[in-house]
Amino acid sequence: MLKADLHIHTLLSPCGDLEMTPVKIVKMAKDKGLDIIGVTDHNSTLMAREVQKVASRDGIIVLCGAEITTREEVHVVAFVENGQKLASLQEFLEDKISRVQNNPDIFGYQPVVDENERVLYMVDNLLISAVDASVDEVSDFVFSLGGIFVPAHIDKGANSLMSQLGFVPPFLKVDALELSYGCDIGSFLEDNISFLKGRSFITSSDAHYLEDVGRCYTQLDMDLFSFEGLRNALNNSTIDDFKR
C-alpha cells in the first residue's frame with residue numbers, strides 16, 4: 001500500500017501560503033510518511049516539475065498536474081504522465097483561461113520559483129479564473145492525453161460538481177471522486193446515493209499551508225508505482241482506504 005495526498009498547492013497558487021516551496025512541501029510530505037503527492041496549482045502546471053526534482057532525492061513520487069476551474073466554476077484535479085503531456089496541458093490552460101490581471105494585494109502573489117527557492121518570475125494573469133471549457137470538455141482533453149481526472153472536493157458548498165451542477169453527471173468520465181478533509185462521509189454518501197453508487201473515492205488535503213500537507217490521505221493498493229497502476233488503484237479506491 002502507498003500513502004497518497006493528491007491535492008497540494010504550491011506558493012504559485014494565489015491562495016497558497018508563500019511557505020509552500022518545493023523544498024518545504026517535500027520535507028513535510030516526508031515527515032508525514034507520504035509516498036505520493038500531487039501538485040495541483042490553480043490552472044497552472046508551472047511548479048510541478050520543480051517539486052518533482054526535489055522529491056526525487058527523497059524517494060517521494062510527484063504527480064504533475066493542476067486543479068482546473070471549469071466554465072461552470074467546478075474544480076477538477078488532472079494529472080499527466082510525462083513532460084511532453086504536461087506541456088500540452090499547460091498550453092491548454094493558457095489558451096483557455098480568462099484573461100484577468102492579478103492584483104496581489106487582493107488575491108495573493110503568484111511566484112514561480114526554482115528548486116532552490118529563487119524567484120524566477122511572477123505570473124501576471126489571475127490563476128483562479130475559470131477556463132473556457134466545460135467539465136466534459138476538460139475531462140475529454142485530459143483523457144486524450146492519457147491523463148487522470150478527478151473532480152475535486154465534491155462535497156463542498158462551492159466550486160464542486162454538487163454545488164455547481166447539483167449532481168454528478170452519470171456519464172462523466174472520471175478516475176475517482178475526491179471528498180474533502182472536512183466531509184461527513186457517511187451522511188454525504190447517504191444523502192447522494194443515487195449519484196454516487198458504484199463510484200470510486202479518494203480523500204486529499206487540498207493543502208494551501210504546510211501544516212495541512214498529509215492531514216488526510218488515501219491508501220492505494222499498489223506496492224510499486226506506475227502511472228497506469230495508479231489509475232487502476234484510483235478506479236478501485238473506496239472510503240475504507242481513507243486516513244485522517
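A quick word on the ground rules, everyone. This is a predicted model, where local features need pLDDT of at least 70 and side-chain atom pairs count only at pLDDT 80 or more, while totals for chains, interfaces and linings use all residues. Residues are numbered from 1 along each chain as its sequence is written, and side-chain values use heavy atoms, leaving out hydrogens and water.

Now the fold. The chain has nine helices and eleven strands, which are DSSP runs numbered from the N terminus (helices H or I, at least four residues; strands E, at least two). Its radius of gyration, over C-alpha atoms, is 17 Å, close to the 18 Å of the globule rule for 244 residues, so the chain is as compact as a globular protein of that length. That rule is 2.2 Å times the number of residues to the power 0.38.

Of the 244 residues, 55% count as buried, meaning under 20% relative accessible area with a 1.4 Å probe, protein chains only.

Let's finish on one residue. Is Arg231 buried or exposed? Arg231 sits in helix α9, residues 227–235, and it counts as buried because its relative accessibility is 11%. Leaving aside residues up to four places away in sequence, Arg231 touches Phe143, Gly146, Gly147, Ile148 and Asp175, where contact means heavy atoms within 4.5 Å. Thanks, all!

Conventions. Buried means under 20% relative accessible area, exposed over 50%, partly exposed in between (1.4 Å probe, protein chains only).
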